[in-house]
Amino acid sequence: MNGNSYLARKIHSLLGVIPLGLFLIEHMITNFSAYEGGPEAFKDSVTFLNELPLVFFLELFGIWLPLLFHGVYGLYVAYQSNLNTGRFQYGRNWAFTLQRISGVITFIFIVWHLWQTRVQVALGNVSHEELGGLMHDVANNAFFFVMYIIGVIAATFHFSNGMWAFLVSWGITIGPRAQRISSYIWMGVFVICAVMFLMSLAAFRGDEFKDAASAALAWANLV
Ligand code: HEM
């Protein structure tokens, strides 16, 4: 591996944790407010985030650019790597393969999801107040509901399993015992994160979010 690709891989790995891992947790908590407190609580969370100072630059440098680099370079790594190298014990081989598969699924999901949510806000088709209603329509569409379940499971697995690999590659969990304990912890994190996202997805199906929808949603444009 030459010096450039070593550096690119390290940057790719670090961006997966800071800021993207932090964003995933923040996003999970924001969405969970829909389950905990209904439309009002969700609207308050979205308003709070969008009123942060310099929100555009926070999104640009904290989400979009890191996502672009991590996603595109990640696709390149996934394309280059031999899916089953035989370098690790059986379980880790599977985790290695699933990390790449979940990365590709997450990438496709995020591109679609961004189009459906953030881009529609930017285009002026949907206001921040209408996002709960938009998610209500998405969650009640059978096709999108299944797509979101797959996307959420892929993203949370990719994050948790990626954290396991990050701790190994940055020399934090070195011995087999530390790596085994770490794998239990991160699989626990995976289950908790996936369940919290899925609970919010289920909450958006509720009729109380229908009231938050408006004719201005122009849902037909998004399908
Ligand atoms: C239950 C599942 C999910 C729901 C209901 C949901 C909902 C939303 C909503 C409403 C927005 C627009 C926020 C705004 O403009 O203020 C958004 C943006 C976004 N979502 Fe999700 N999301 C879900 C899962 C995910 C997952 C698993 C990822 C993967 C990392 C993800 C990545 C993003 C990104 C990158 C943005 C753009 C953020 C920004 O530019 O500020 N979402 N989501």
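Leaving aside neighbours within four places in sequence, His158 is in contact with Gln99, Ser102, Gly103 and Thr106, where contact means that the C-beta atoms of two residues, placed from the backbone, lie within 7 Å. His158 lies in helix H6, helices (H or I, at least four residues) and strands (E, at least two) being DSSP runs numbered from the N terminus. The model is a predicted one, in which local features need pLDDT of at least 70 and side-chain atom pairs count only at pLDDT 80 or more, while totals for chains, interfaces and linings use all residues. Residues are numbered from 1 along each chain as its sequence is written.

**Annotated histidines**

- The "binding site" annotation in the unreviewed UniProt entry covers His27, His70, His113 and His158; UniProt positions are given in the numbering used here, feature names are shortened, and annotations may be inferred rather than shown by experiment.
- His158 counts as buried because it has 25 C-beta neighbours inside 10 Å; a residue is buried if 20 or more other C-beta atoms lie within 10 Å of its own, exposed if 12 or fewer, and partly exposed in between, with C-beta atoms placed from the backbone.
- His70, which lies in helix H3, is likewise buried, with 21 other C-beta atoms within 10 Å.
- Not counting residues up to four places away in sequence, His70 touches His12, Leu15, Gly16 and Leu20.

**Overall fold**

- The secondary structure of the chain comes to seven helices and zero strands, and buried residues make up 24% of its 223 residues.
- Among contacts in the chain between residues at least 6 apart in sequence, 80% join residues at least 24 apart.
- As "transmembrane region", the unreviewed UniProt entry lists residues 12-34, 54-76, 97-115, 142-172 and 184-204.
- Of these spans, residues 54-76 are 96% helix and 0% strand, with end C-alpha atoms 32 Å apart, whereas residues 97-115 are 100% helix and 0% strand, with end C-alpha atoms 28 Å apart.

**Surroundings of the ligand**

- The ligand is surrounded by 26 residues, the closest being Thr117, Arg118, Leu131, Ala155 and Leu201; a residue is taken as near a molecule or strand if its C-beta atom, placed from the backbone, lies within 6 Å of it.
- At least two residues of this shell come from each of helix H2 (20-50), helix H3 (55-80), helix H4 (90-122), helix H5 (131-139), helix H6 (142-169) and helix H7 (176-204).
- The shell consists of 16 nonpolar, eight polar and two charged residues, where Ala, Val, Leu, Ile, Met, Phe, Trp, Tyr, Cys and Pro count as nonpolar, Asp, Glu, Lys and Arg as charged, and the others, Gly among them, as polar.

- Val152 touches Ala194, Phe197, Leu198 and Leu201, residues up to four places away in sequence not being counted.

**Backbone details in loops**

- The peptide bond from Ile18 to Pro19 is cis, with omega near 10 degrees, and Pro19 lies in the loop between helix H1 (3-17) and H2.
- Leu54, in the loop between H2 and H3, has a phi near 55 degrees, a positive value in a residue other than glycine.
- Leu54 is exposed, with 9 other C-beta atoms within 10 Å.
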